[in-house]
Amino acid sequence: MAKVIENVAAGRTASKPHDWRKSMSDHVAFALIVYTALQIFLTVHALQDGLPSILPYVTLVLLVAAIIPACRWFERRWRDLPDEAAADIALRPAFRRDILALWLLALGLPPLITALFRLVSPAT
């Protein structure tokens, strides 16, 4: 116990290997929360601006039909890694690429969906 306290006090910690599977799972969970919150925020504002009330239903269908399966694909791709590959640093570029795609999807789709809905809706 004294050794652990000494290491922590000196700024040294025993770090376990990075697990890409857990990291991807965490990113997927947070991305879904961010996507949903952003979509709700944008949808509420679009409804206040006079867009038709079907917008929430369309965005819900998109969430269930497209976003959730896409997120599950990202997670499944990393979840199925064998234990010996789960901490392989050589997978870092692929992980970064998938994280970038996931977050572009989570942050980019809500504004895109709302903008498209505004374009196709009759002017009010």
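1. Starting with the pocket: Tyr-35, Thr-36, Gln-39, Ile-40, Thr-43, Val-44, Pro-56, Thr-59, Leu-60 and Leu-63 line the largest one. A pocket here is an open set of points on a 1 Å grid over the protein atoms alone, where a 1.4 Å probe fits, with protein on both sides within 12 Å along at least five of seven lines; lining residues have an atom within 4 Å of a point. The volume comes to about 160 Å³, taken as the space filled by probe spheres set on the points, with grid points joined across faces, edges and corners. Helix 2 and helix 3 are the elements that give two or more residues to this lining, and helix 2 gives the most, with six.

2. Before going further, bear in mind that this is a predicted model: local features need pLDDT of at least 70 and side-chain atom pairs count only at pLDDT 80 or more, while totals for chains, interfaces and linings use all residues. Numbering runs from 1 along each chain as its sequence is written, and side-chain values use heavy atoms, with hydrogens and water left out.

3. On the overall layout, the chain has four helices and zero strands, so the pattern along the sequence reads α-α-α-α (DSSP runs, H or I of at least four residues for helices and E of at least two for strands, numbered from the N terminus). Among contacts with a separation of 6 or more, 82% are between residues 24 or more positions apart; contact means heavy atoms within 4.5 Å.

4. Now the surface. The chain exposes about 8200 Å² of accessible area, and 69% of that belongs to carbon and sulfur atoms (Shrake-Rupley, 1.4 Å probe; for residues, only the protein chains shown count as cover). Of the 124 residues, 26% are buried, meaning under 20% relative accessible area, with exposed over 50% and partly exposed in between.

5. The largest nonpolar core has 18 residues, and Met-24, Val-28, Tyr-35, Trp-78, Phe-95 and Leu-102 have the most contacts inside it. Such a core is a set of buried Ala, Val, Leu, Ile, Met, Phe, Trp, Tyr and Cys residues joined through side-chain atoms within 4.5 Å. Helix 2, helix 3 (55-79) and helix 4 each give two or more residues, and helix 4 gives the most, with six.

6. Tyr-35 deserves a look, as a member of this core that also lines the largest pocket. Leaving out residues up to four places away in sequence, Tyr-35 touches Thr-59, Leu-63, Ile-67, Leu-105, Ala-106, Leu-109, Pro-110 and Ile-113.

7. There are three aromatic pairs (rings of Phe, Tyr and Trp, the last by its six-membered ring, with centres within 6.5 Å; planes under 30 degrees apart are stacked, over 60 edge-to-face, the rest tilted). Trp-20 and Phe-95 make a tilted one, 4.7 Å centre to centre with 40° between the planes. That pair links helix 2 (residues 20-48) to helix 4 (residues 92-120), across 75 residues. Trp-20 is buried at 2% relative accessible area, as is Phe-95 at 5%. Trp-73 and Phe-74 are edge-to-face, because their centres lie 5.1 Å apart with the planes at 70°. Here Trp-73 is partly exposed at 43%, whereas Phe-74 is buried at 8%. Trp-20, Trp-78 and Phe-95 form one aromatic cluster.

8. Last, Arg-92 sits in helix 4 and is partly exposed, with a relative accessible area of 35%.

Key
Buried < 20%, exposed > 50% of the residue type's maximum accessible area, 1.4 Å probe, protein only.
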